[in-house]
Amino acid sequence: MTTSSLFGALRGVRIIDVSRVLAGPYCAQLLADHGADVIKVEPPGGDDTRRWGPPFTEDAASYYTGVNRNKRGITLDLTSADARERLLALLEDADVFIENFKAGTLEKWGLGYEEVLARRFPRLVHCRITGFGMDGPLGALPGYDAVIQGMAGLMSINGTPDSGPTRIGIPVVDISTGTHAALGIAMALNERHASGRGQLVEVALYDVALSLLHPPAANWLLSGVPQPLLGNGHPNIVPYDKFQTATCDVFIGVGNDGQFRKFAAALGRPDLAQSERYATNPQRVRNREELRLILQQELLMQDGVALCDLLARGGVPAGPINDVGQALSHPHTQHREMLVELDGYRGTGLPVKLSRTPGRPSRRPPRLGEHNEEILGDAAAASQDAVAAAGGER
């Protein structure tokens, strides 16, 4: 990664992050990785995810450490008027405020966006992350990733006929919501250069989940036919699936007819690409089951890793199915700097690589209340430390 005297494209941007769990903290970490000064504000007992383990570090679960690096951390009991005044003081020189409180919480505390924050801090970009938005038939309801995967249709397209609808194995809605929130904040900060004004950035997990439904949503909007459960298969492309080989499971992704001809030749079956039943993608989609059976039999005689290397270097997307450890240990992961180690912390690297102002992991996740004195001052820090001690740390 190119070095620079500047740390990141967001150097000089200050963010107050009072969000918890995943989408908000992930958003704040993305911005912190690219130079923003993020102050994470936790309640006295800490972010819920500090206890979402094992495994644990000395202070928190891996779930917490995975989305909270590059931040300074303080504790504030925002149920108290004194702590809310301290939060307002922090917002005086902040550019961004990230929160995911239940609907009405900020208003109850006298911190509503329209009534208070937008008037007192006209340049502030306020990012609100919710489950379903603040209004509408489901407005203000709480939302967790897996529940919204089910409600928004993602589970209905994941799984096999035997398994039934299945949760996607990562919190894809939370992570995507955090990414969209970071993008929305960047948009609002860019617009502020012209107008001099901040604005409310609202991102709902439900909306993001619906936006991820490609191509199933596009298919349904055109045909009115819901996507069946296809396992690892693709509704529009064949073969695009997982297969067994003699040595390992592999994924073959054939995107066009030329790639299918190369794939069939590599298997020693050029006749498959010449058959009118399989020569074009629409024909392969119509005859997917019989073609899959033929391909599976041929692939059982192949060394999966060698075949995938041959295919990929010949222009046919293919790769072995690695577990998480194999993926993180792969030489290419190291080459791409996608595994980082810092002061006892290990995590995944930065996927966005800027040539002139690159981001970097520079600070391990904060211990609970670690920066109270630095940020709040001696007296306030002592007060908050006392509250934290009484608040039941893990």
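## A buried charged pair

In this predicted model, Glu99 is buried, with a relative accessibility of 2%, which places it under the 20% limit for that class. Its partner in a salt bridge is Arg128, and the closest N and O atoms of the two are 3.6 Å apart. Because Arg128 lies in strand 5 (residues 125–130) and Glu99 in strand 4 (residues 96–99), the pair ties together parts that are 29 residues apart in sequence. Arg128 is buried as well, at a relative accessible area of 11%.

## Other salt bridges

The count of salt bridges comes to 26. One of them joins the side chains of Arg269 and Glu298 at 2.9 Å, N to O; Arg269 lies in the loop between helix 10 (257–266) and helix 11 (270–274), and Glu298 in helix 13 (residues 288–299), so this pair too links parts 29 residues apart in sequence. Arg269 is partly exposed at 22% relative accessibility, whereas Glu298 is buried at 14%.

Within helix 3 (residues 81–91), Arg86 and Asp82 stand four residues apart, about one turn of the helix, and they form a salt bridge with their closest N and O atoms 2.3 Å apart. A network of salt bridges links Arg14, Asp37, Arg72, Asp93 and Glu374.

## Helices and surface

The chain has 18 helices and 11 strands, and buried residues make up 44% of its 394 residues. Helix 1 (residues 23–33) and helix 7 (residues 172–195) pack at an angle of about 50 degrees, with their axes 8 Å apart, and are therefore oblique to each other.

On the surface, Trp52, Tyr63, Tyr144, Val147 and Met151 form a nonpolar patch with about 480 Å² of accessible area together.

Key. Residues numbered from 1 in each chain as written. Predicted model: local features only at pLDDT ≥ 70, side-chain atom pairs only at ≥ 80, totals over all residues. Heavy atoms only, no water. Patch = residues over 30% accessible without salt bridge, like charges linked within 9 Å, V, L, I, M, F, W, Y side chains within 5 Å. Areas by Shrake-Rupley, 256 points an atom, 1.4 Å probe, with all protein chains shown as cover. Salt bridge = Lys/Arg side-chain N within 4 Å of Asp/Glu carboxyl O. Axes fitted to C-alpha atoms, helices over the stretch in contact; angles between N-to-C directions. Helix = DSSP H or I, 4+ residues; strand = E, 2+ residues; numbered from the N terminus. Parallel < 35°, antiparallel > 145°, perpendicular 65-115°, else oblique. Buried < 20%, exposed > 50% of the residue type's maximum accessible area, 1.4 Å probe, protein only.
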